[in-house]
Amino acid sequence: MPHPRPIYAIDNAYRPAFRGQLFRFILRSGLWNAISVVYLGAYLMSEECSSLPHFLYRLLFCVGVRMKLYSSDRLHNSDQVYPRSTHTERIGLELAAHRDDGFMISCIMTLAIMIMGSKMRFVGNIFLGGMLEAGASIVSYALLYCFYTDDLLELPSDAMIYTISRLEKIRRRILTFQFVLVKGWFLVYFLLNDKTEIGTLFHKAAIIWFIYGVGMVAYVAKPYTLTWDYGGHEVFHLFVMAGHISIMWVDLLL
């Protein structure tokens, strides 16, 4: 049986034994760095690499995912990243990590639509879809960095947990909007573009939608009774990472 871990300091929630270990492994083993190098190298050698901004979208996507892995590790493994911290100190550390983690998710969604939009060579897709995604990321940034501050630490424990839960509902709605926009905007492109390309593009992009979609179902369902105390959230992490990699794969195939 796995050893019990300390509860989350930020909201006193139960911390499954293997929570955050997948992202921790991918980050600390250097696996994501290797995947990023292969992806960026393949893109640079392709005939599609003709624009510096388009390359920067992909570079920033790789960097954004790495930063998300880092913030997620600090949040879910705060007991391992900061083993000598007190419970009170860990509240502030987890709050900062949670804030960074939420913002990086929004940025990744924005960069995903910029990557796929640039690949499809549809200016309206890049500009309007990208601006909507970027606007949502800005709102997410304002929410997280204006309200997830040390002032929350001054509140009584119950009031702090309640406030964070309310803020989380707003942030998750923003993220849901971004996720739906990524899916919906591609569909708009398929309807407006040359019909001879719809089948190929749709089936490849559908891979991304399906993988992320399974992750979202796991997130909502939260099947915490999985064997070995693994936790439904870790299943969510698995499909999120698979979704990130599928964006790279589909990008290179289109």
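Me: Which helices each supply at least two residues of the lining of the largest pocket?
Reply: In this predicted model, they are α3 (52-76), α5, α7, α8 and α9. The largest share comes from α7, with twelve residues.

Me: What makes this a pocket rather than a cavity?
Reply: A pocket is an open set of grid points, whereas a probe in a cavity cannot get out. The largest pocket holds about 840 Å³ of space. Of its 33 lining residues, His98, Glu168, Arg172, Tyr219 and His233 are the closest to its centre.

Me: How are the residues of the pocket lining divided by class?
Reply: There are 17 nonpolar, six polar and ten charged residues. Glu168 and Arg172 are in the lining. Glu and Arg count as charged, so these two belong to the charged class.

Me: Why is the other kind of space called a cavity?
Reply: Because a 1.4 Å probe fits there but cannot get out. The structure has two cavities of 30 Å³ or more.

Me: Which residues line the largest cavity?
Reply: Among them are Lys68, Ile105, Met109, Phe179, Tyr212, Val240 and His244. At least two lining residues come from each of α5 (87-120), α7 (157-192), α8 (195-221) and α9 (232-253).

Me: What makes up the cavity lining by class?
Reply: Nine residues are nonpolar, one is polar and one is charged. Lys68 is part of this lining. Lys counts as charged, so Lys68 is the charged one. His244 lines the cavity too.

Me: Why are the buried residues of α1 said to line one face of the helix?
Reply: In α1 (residues 21-28), Phe23, Arg24, Ile26 and Leu27 are buried. Seen down the helix axis, they fall within an arc of 165°, so they line one face. Phe25 and Arg28 are exposed on the other side.

Me: What follows α1?
Reply: Gly30 does, with a positive phi near 80°.

Terms used:
Residues are numbered from 1 along each chain as its sequence is written. This is a predicted model: local features need pLDDT of at least 70, side-chain atom pairs count only at pLDDT 80 or more; totals for chains, interfaces and linings use all residues. Side-chain values use heavy atoms; hydrogens and water are left out. On a 1 Å grid over the protein atoms alone, a cavity is a set of points where a 1.4 Å probe fits but cannot get out, and a pocket is an open set with protein on both sides within 12 Å along at least five of seven lines; lining residues have an atom within 4 Å of a point. Grid points are joined across faces, edges and corners, and a volume is the space filled by probe spheres set on the points. Helices (H or I, at least four residues) and strands (E, at least two) are DSSP runs, numbered from the N terminus. Buried means under 20% relative accessible area, exposed over 50%, partly exposed in between (1.4 Å probe, protein chains only). The arc is that of the directions from the helix axis to the C-beta atoms.
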